[in-house]
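This report concerns a two-chain complex and is to be read beside its coordinates. Please have the sequence and the structure at hand.

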Amino acid sequence: MLNLGLDILGLARFQFGMTTVFHFFFVPFSIGLAFVVAVMETMYAIKGDEDYKKMAQFWGKMFLYSFAVGVVTGIIQEFQFGMNWSEYSRFMGDIFGAPLAIEALAAFFLESTFIGMWMFTWDRFNKWVHTLFIWLVMFGSSLSALWILAANSFMQNPLGYIINQKTGHVQMVSFGKVVGNPQLWNEFPHVIFGAFVTAAFVIAGCSAWRLLKKDHVGFYRKSLNVALVIGLIFSLGSIASGDLQTRYLINNQPMKFAAMEGLYKNSTNKGEWAAVSGFDTKQHKTTWSVDVPYVLNLLSYHKTTGTVKGMNQVNKDMHAKYDKKFGSDMNYYVPTKTLFWSFRIMAGAGALFALLAIVGLIFNRKRSQLIMKQRWFLYILGLCLWLPFVVNTAGWFVTEFGRYPWIVYGLLTIADAVSPNVSVASLLTTNIVYFAMFAIMGLVMIILCHRTLKAGPDAENTDGYSAGDTKELDPYSKGAFNHD
Amino acid sequence: MTNLQFLWFILIGVLFSGFFFLEGFDFGVGMLVKSFAKTSDERDVVIKTIGPHWDGNEVWLITAGGAMFASFPMWYATLFSGFYLVLFLILAALIFRGVSFEFRANMKTDTWRNFWEWAATIGSFCAAFLFGMLFTAMIAGMPIDKNGDMTAHFGDYVNLFSIVGGVAVTVLCLVHGLNFIRLKTSGSLRDRALSWNKILYPVLFAGEVVFAILLFFSTDFFDKKPMTTTAIVVALVIFTVLAYWGVLGNHEWLSFIGSGLSLISVVVLIFNGLFPRVMIANNPANSLLIKNSSNSPYTLHLMTILTFSILPIVLVYFIWSYWVFYKRLASPKQSA
């Protein structure tokens with residue numbers, strides 16, 4: 001075998017990161033679109049305004065593309081635990097399997113069944129019943145997020161378990177504690193709100209591009225309005241829930257928190273917060289920074305006083321705590337630059353989304369033509385349709401890189417979790433092929449969405465697959481009579 | 001072995017049975033996209049027969065995988081890491097065929113429509129074949145060490161027995177898909193599916209006989225459980241005969257149920273032969289057993305309560321969705 005300096009661990013980690021990031025482009029997009037489309041269809045059901053039905057159908061197409069890709073990449077996610085992380089699966093099976101199985105049983109069946117119902121029955125059910133279908137899809141996909149985050153929360157903050165003395169594996173003693181994990185209830189709203197914001201700003205961005213071309217102005221202005229109202233509510237919700245989550249980290253994962261704020265040394269009582277800074281990660285120190293006083297304490301404790309532990313201190317604490325079991329050669333420093341900048345991208349984008357939504361709603365008031373005149377604003381909105389995907393990725397970077405070197409916090413290291421019997425060659429092959437497949441699927445997704453957008457809301461459904469019942473039997477054709 | 005462990009062994013079997021019964025005809029229909037359906041309009045109809053369902057059917061696989069993780073994590077870890085490359089190819093096949101239906105429908109040029117049609121066809125063939133190969137190899141016994149890590153070489157899972165197993169499952173899925181099309185369409189597609197199955201069933205019989213003979217030599221099933229193994233093999237053949245009778249006498253439901261039960265018989269055959277093991281090692285001392293591969297009683301108990309309260313609700317709306325789309329789809333007119 002060629003020696004490219006590649007090892008099983010690095011390749012398996014890369015694969016996990018790659019599939020997760022790619023999968024998570026589509027997950028929040030689908031959850032969010034299901035929600036926005038459900039809101040649109042509900043408005044149609046209430047108001048009887050055909051425009052809203054058209055909106056639900058039009059944006060619903062993008063939802064279907066995204067859902068298809070989300071499903072197939074999700075299967076990789078599930079299989080991956082057993083394929084690449086068999087030691088993890090053995091160690092965590094007692095805890096991790098349950099939420100995964102419940103996710104499939106309670107959520108995936110609901111989603112996949114009712115998405116079929118929703119797709120193919122536009123003219124067959126009363127509008128309220130049809131609207132119920134998309135709400136069930138939305139409910140199912142949120143539920144799936146809840147269960148998988150329950151599993152992730154245990155990895156971040158193990159609760160409700162004991163270590164089996166014979167096998168050394170974790171064993172569940174309280175399902176209530178696993179599901180009641182505060183980590184979960186801090187994480188879940190943030191992820192769901194983020195999903196709604198994702199869909200809202202993709203719809204807003206797409207609408208903005210069409211408005212720049214003065215295409216279907218009425219339709220896209222209405223779409224923009226729905227998107228921005230949802231975008232405003234949930235970007236504020238994301239900020240609030242993100243704040244909850246951050247403050248939870250201070251005590252729970254101090255290393256992650258300190259890295260997010262770029263603190264090597266303990267902070268002083270003045271609470272200097274580095275807006276931007278440079279790091280020497282080898283020497284574990286900050287080389288330069290632009291500090292703002294008190295902000296760190298405001299962010300951390302919502303008051304002006306207090307101190308936060310720096311990474312050097314946390315590193316010492318962790319060595320003291322874990323050396324006996326894991327040895328003194330462990331490295332507890334997380335990738336500081338990644339966490340620091342990811343956090344800033346996420347927080348900055350959250351604020352930007354809220355601001356854009358407010359300005360957009362003012363420009364887009366019913367009787368005002370401002371939105372059409374402020375072309376610069378439409379350009380910004382149009383470009384921002386890509387931003388949610390960057391932000392979602394940044395969010396997971398913080399969560400998952402910040403977990404280093406643990407796969408299950410304090411219990412199992414990433415290095416001990418990998419499948420010992422998988423070869424570098426196998427992993428390299430699968431990495432390359434997955435990468436190629438993701439690239440193809442991502443590209444096709446973008447092309448399809450772009451094409452759908454260009455064809456516009458009045459485009460005929462020509463495909464006969466997503467289109468629903470357009471290929472029904474012509475009652476006067478010969479075939480109609482041998483129909484039983 | 002506790003009662004709960006036994007129950008979960010059965011439940012995993014039930015989930016895989018559901019998967020093969022349902023996704024079996026999805027695979028079959030997918031394989032037919034290119035050769036059986038001759039025009040673009042015909043392909044629309046063929047794909048539409050499974051359009052509202054394939055997604056839900058695939059969830060049976062995800063549930064089976066998740067349930068295996070939640071009940072027998074040692075089995076899950078050994079199986080999934082051991083059959084690494086086979087599962088990787090299965091994933092690739094499932095992904096391509098999964099997105100192909102939606103992507104094909106939205107392609108503008110014939111070249112690209114053609115590409116996604118081939119993706120559906122090849123993906124379905126490969127997925128069915130590889131699943132058959134994987135399970136056949138699994139029951140033949142694999143090199144597994146004390147830790148439960150399997151280090152199989154190419155020849156361990158690609159050999160005459162596993163290839164015959166793969167082909168048999170592929171043909172079973174194919175006839176099952178044709179039987180499904182007979183039920184779901186009217187006109188020329190329905191007639192064509194019937195005439196195709198008249199040819200395919202004799203092939204399937206031959207395959208089943210070869211498979212049974214190889215099963216005798218390659219596994220310990222006939223040694224350890226001669227009665228039940230023979231009974232299940234006979235049942236498999238009887239279901240296939242019934243389905244074939246349904247083809248000759250044009251009883252569509254009989255054919256469809258017959259081919260579905262044939263697929264389930266294969267799963268039952270495997271699970272019956274495995275018991276009380278879950279993975280068979282070449283060195284019997286290293287075989288994974290039901291009694292030492294499972295989760296704790298607490299988790300099994302929890303999963304039992306949850307499964308038996310959620311699954312019935314799922315089945316109600318799952319079956320209802322088939323009821324909603326019960327109507328036959330007309331074949332396009334020949335001129336098209």
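The paragraphs below treat confidence, the interface, helix packing and backbone geometry in turn.

**Basis and confidence**

The model is predicted: local features need pLDDT of at least 70, side-chain atom pairs count only at pLDDT 80 or more, and totals for chains, interfaces and linings use all residues. Residues are numbered from 1 along each chain as its sequence is written, chains are lettered from A and ligands numbered from 1 in the order in which they are written, and side-chain values use heavy atoms, with hydrogens and water left out.

The predictor assigns the complex an ipTM of 0.89 and a pTM of 0.90. In pLDDT, the predictor's confidence in each residue from 0 to 100, chain A averages 89, with 94% of the residues at 70 or above. Chain B has a mean of 93, and 99% of its residues reach 70 or more. Within chain A, residues 462-484 stay under 50, and the model has 45 contacts for them beyond four places in sequence. Contact means heavy atoms within 4.5 Å.

**The interface between the chains**

On chain B, 75 residues are in contact with 80 residues of chain A. The two chains bury about 7,000 Å² between them, 70% of it on carbon and sulfur atoms; buried area is the accessible area (1.4 Å probe) that two parts lose on being put together, summed over both. In chain B, F69(B), Y84(B) and E102(B) lose the most area to chain A, and together they supply 10% of what that side buries.

**Helix packing**

Helices (H or I, at least four residues) and strands (E, at least two) are DSSP runs, numbered from the N terminus. Axes are lines fitted to C-alpha atoms, for helices over the stretch in contact, and angles run from 0 to 180 degrees between N-to-C directions.

Within chain B, the axes of helix α3 (residues 54-71) and helix α14 (residues 297-324) come within 13 Å and cross at roughly 175°. The pair α3(B) and α14(B) is therefore roughly antiparallel, the term for angles over 145 degrees. From α3(B), G56(B), N57(B), W60(B), A70(B) and S71(B) meet residues of α14(B), including T299(B), M303(B) and F318(B).

Helix α6 (residues 110-140) of chain B has 31 residues and should span 45 Å at 1.5 Å a residue, which agrees with the 45 Å between its end C-alpha atoms; the expected span is 1.5 Å times one less than the number of residues.

**Backbone geometry**

Most residues other than glycine have a negative phi, and most peptide bonds are trans.

| Cis bond | Omega |
|---|---|
| Y404(A) to P405(A) | about -5° |
| F275(B) to P276(B) | near 0° |

P405(A) lies in the loop between α14 (387-401) and β5 (406-408) of chain A, and P276(B) in the loop between α12 (252-274) and β2 (277-279) of chain B. K214(A), although not a glycine, has a positive phi of about 55°; K214(A) sits in the loop between α6 (182-212) and α7 (217-252) of chain A.

Conventions
Angles under 35 degrees count as roughly parallel, over 145 as roughly antiparallel, 65 to 115 as roughly perpendicular and the rest as oblique.
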